[in-house]
Amino acid sequence: MGNGITVQERQQWMATLAKSSLADLDARLTGLELPEYSMLRSPEIGLVMVRGRAGGTGQPFNLGEMTVTRCVVQVAGPEGEISGFGYVAGRSRRHAELAAVGDALMQHPSWRQRVQKAAIVPLQAIADQHRAQQQEQTESTRVNFFTMPRGES
């Protein structure tokens, strides 16, 4: 990718934008006074086929369909025009639009640091906190089985 951005870095911030809640994403991005952007592809709702593998390594099979919303925006700037893509689970047009804007701004040299600090880092912290809470709740319901020796016969 250009601008010294690796594919893994972009995948990480796109996942953060897509998996965050709409309320959290909206609060973080709209507080930045976003630049003007145009829609290359307005938010569209569709279906994707979800595939799975038994045990994670077995033969792939079609698990079912999932609703997704996608959007493509273009942000203009002194460095040129940059396209941003947003793909989110569910039917939220606004979430897909904001995810696309966030993606475009993260590729924009003059916006990257601001968006990273104001949106990506806090959204990742929220996701980590949710993950830790879920893990803690799961651990609290774990049952440890042990074997007791039967009486001597």
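**Ground rules.** I am working on a predicted model, where local features need pLDDT of at least 70, side-chain atom pairs count only at pLDDT 80 or more, and totals for chains, interfaces and linings use all residues. My residue numbers start from 1 along each chain as its sequence is written, and side-chain values use heavy atoms, with hydrogens and water left out.

**The core.** I started with the largest nonpolar core, which has 24 residues. By nonpolar core I mean a set of buried Ala, Val, Leu, Ile, Met, Phe, Trp, Tyr and Cys residues joined through side-chain atoms within 4.5 Å. Buried is under 20% relative accessible area, exposed is over 50%, and partly exposed is in between (1.4 Å probe, protein chains only).

Which members touch the most other members of this core? I found Leu17, Leu29 and Val115.

Two or more residues each come from α1 (7-19), α2 (22-30), β2 (60-75), α3 (93-107) and α4 (112-140). The largest share is from α3, with eight residues. Helices (H or I, at least four residues) and strands (E, at least two) are DSSP runs, numbered from the N terminus.

I then listed the partners of leucine 29, skipping neighbours within four places in sequence. Leucine 29 is in contact with Leu34, Leu98, Gly102, Val115 and Ala119. Contact here means heavy atoms within 4.5 Å.

**Helix pairs, set-up.** Two packed helices are described by the angle between their axes and the distance between the axes. The axes are lines fitted to C-alpha atoms, for helices over the stretch in contact, and the angles run from 0 to 180 degrees between N-to-C directions. Angles under 35 degrees count as roughly parallel, over 145 as roughly antiparallel, 65 to 115 as roughly perpendicular and the rest as oblique. A crossing is left-handed if the near helix is turned anticlockwise from the far one by less than a right angle, and right-handed if clockwise.

**α3 and α4.** I get axes that come within 7 Å and cross at roughly 135°, so α3 and α4 are oblique to each other. The crossing is left-handed. On the α3 side the contact uses Gly102, Leu105 and Met106, and on the α4 side Arg112, Val115, Gln116 and Ile120. I sorted these residues into four nonpolar, two polar and one charged. For the classes, Ala, Val, Leu, Ile, Met, Phe, Trp, Tyr, Cys and Pro count as nonpolar, Asp, Glu, Lys and Arg as charged, and the others, Gly among them, as polar.

**α1 and α4.** These axes come within 10 Å and cross at roughly 60°, so α1 and α4 are oblique to each other. I noted a left-handed crossing. Glu9, Gln12, Trp13, Thr16 and Leu17 of α1 make the contact with Arg112, Ile120, Leu123 and Gln124 of α4.

**α1 and α3.** Here the axes come within 9 Å and cross at roughly 150°, which means α1 is roughly antiparallel to α3. I have the crossing down as right-handed. From α1 I see Arg10, Trp13, Met14, Leu17 and Ala18 meeting His95, Ala99, Gly102, Asp103, Met106 and Gln107 of α3. By class, that contact has six nonpolar, three polar and two charged residues.

**Glutamate 33.** I stopped at this one for its backbone. Most residues other than glycine have a negative phi. Glutamate 33 is not a glycine, yet its phi is positive at about 55°. I located glutamate 33 in the loop between α2 and β1 (37-53). Is glutamate 33 buried or exposed? Its relative accessibility is 69%, so I count it as exposed.

**Asparagine 3.** This residue is in the segment before α1 and is exposed, at 56% relative accessible area. Outside four places in sequence, asparagine 3 is in contact with Gln107 and Pro109.

**Serine 140.** I placed serine 140 in helix α4, and it is exposed at 60%. Serine 140 and isoleucine 126 are 14 residues apart in sequence and 21 Å apart, C-alpha to C-alpha.
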